[in-house]
Amino acid sequence: MQTAQPQAQLCWWLSRVLQVPEAALNVRQIAGDASPRRYFRVSLSAGSPATSSHVPGAGDSAITEQASPNELSEPPLVMSTDDETLIAASSPPSENNEAFLAVQKLLHRAGLTVPSLLASDLDSGFFLMEDFGDVLLSVRLTPATADNLYSQALGELSGLATIPCVDADLPVFDAQRIADELSVFPEWFLQKHLGLAQADPPSAIWQELLALLVSVFREQSQCVVHRDFHSRNIMCLADGRLGMIDFQDAVLGPVTYDPVSLLKDCYICWPRDDQLRWLGAYREQLMARGVKISGDAQAFVRQFDLVGLQRHLRVMGVFARLCLRDQKPDYLNDLPLVLDYVREALALYDAEPAVGAFSDWFEEAVMPKVASQHWYSGQRTDKY
C-alpha cells in the first residue's frame, strides 16, 4: 500500500512541472478505482499564477515523458488561478504505466475522447492529465437517458474498433491470456472465497469450456479492445461528450468484448431486450464503418453472450480477490449481478455440450455454497 511519502514526492514534482512553489498548490485526493493508483485534483491557490505557454487539451505535443523527477517538462504548462484544474496520478510500476502512455497516444491520434496527457515521469509513476470532471456515466444513466447515452458510448467504441490493428502494438487476447484470466475464478472465488474443498472444476469440463471460449474469441473480427469499458470508466464531459479513462490494459481481441463490458455492466443491469437492441444497433454501425462481422445477427449475439461468460467468470474471481487481498469488501455487493450474468449465459447455451456440462457442475457444486453467502439474496439487486 502506498504511504503519504509518494504524495509528498508528487507535490514536489508538480511544483517543478508547473513552476510554482509547493505552497501554491492545492492537491486533493479523489476517488480511485480497483487498482493501487491514486488520483488527485490539482489547482492553484488564489494569487499564485503559473508561468506557462502550453494549453491543456492540445495534441500529441502535449505529452512530455520525463526520465527522472529532476527533469522539467518543456514547455512549462499553463494553469490559471481561477477554476482550472488538472488531474495528477500516482501509479506504482505494477500498473502498466508504459502501456498507459502508449495507449493514450494511440487513442488520441484516432480522434477518441481521452484525457490529454500533459506531463509524465515513468520512474516515479507520476502523470499530469486533463481533468474530465467528476460525472460518471453511471450517474447519468436512467431509463429516460439510456438510449442516447449508450448510443454515444457505442459510437466511441466503433471508433476504437476501426483503428487498424497494424497501428496498435498491443498484447493479443490469445488462448493463454484467456486461460490465465479465467484462473482467478477457481483460485479466488471458489477456493479462497467460498472455501470449496474441490475448488477446481473437473478437468475435462473446464478444458472443454475453455476450448469453446477460445474458439468463440478467435472466430470474431479482432480489434482494439479497451477491456473495461463500463459506466464507471466513462466520463460525462461538460460539453456533452463522453470520455474514456482507465484504458492502459487495452489488447487486440474480439469485437464483442467491449460491448459486453458496457451492456452487461457489472454495476448496473438493463433488461435483455434493451441489451440486444443496443447490441444490434452497434453491429449495424460496425458494418457501416467497414468492420467485417462474421456470421448473422444471432451468431453475433451468441458471441456476445459467451465472451460475456468468460469476462464474468473472471470478474467473480477478481471481486473476491479485491475483497480478500486488497481489503475492498464493497465489491462483494456487486457479485450477485455478475453471478446472474454467468447463470443467464449458462442457461441460454445449455444445449451446447461444453456449456451444459459446466452449467450442471456449477449448479450442483457451486450454487449451494453461494446460497449461504451474506451477499447473496437469490434476487437481482440492480437498479433497473
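View 1. The model is predicted, so local features need pLDDT of at least 70 and side-chain atom pairs count only at pLDDT 80 or more, while totals for chains, interfaces and linings use all residues. Residues are numbered from 1 along each chain as its sequence is written, and side-chain values use heavy atoms, with hydrogens and water left out. Because they are three residues apart in helix H12, Phe-358 and Trp-361 are separated by about one helical turn; helices (H or I, at least four residues) and strands (E, at least two) are DSSP runs, numbered from the N terminus.

**View 2. The aromatic pair of Phe-189 and Trp-375.** A search of the whole structure finds 19 aromatic pairs, where rings of Phe, Tyr and Trp (its six-membered ring) pair if their centres lie within 6.5 Å, and planes under 30 degrees apart count as stacked, over 60 as edge-to-face and the rest as tilted. Phe-189 and Trp-375 form a tilted pair, 6.4 Å centre to centre with 55° between the planes. Phe-189 lies in helix H6 and Trp-375 in the segment after helix H12, so the pair ties together parts that are 186 residues apart in sequence.

**View 3. Strand E6 and its partners.** Four of the five residues of strand E6 (residues 126-130) are buried. Five bridges join strand E4 (residues 86-90) to E6 in an antiparallel arrangement, two strands being paired if DSSP finds at least two bridges between them.

Methods
Buried < 20%, exposed > 50% of the residue type's maximum accessible area, 1.4 Å probe, protein only.
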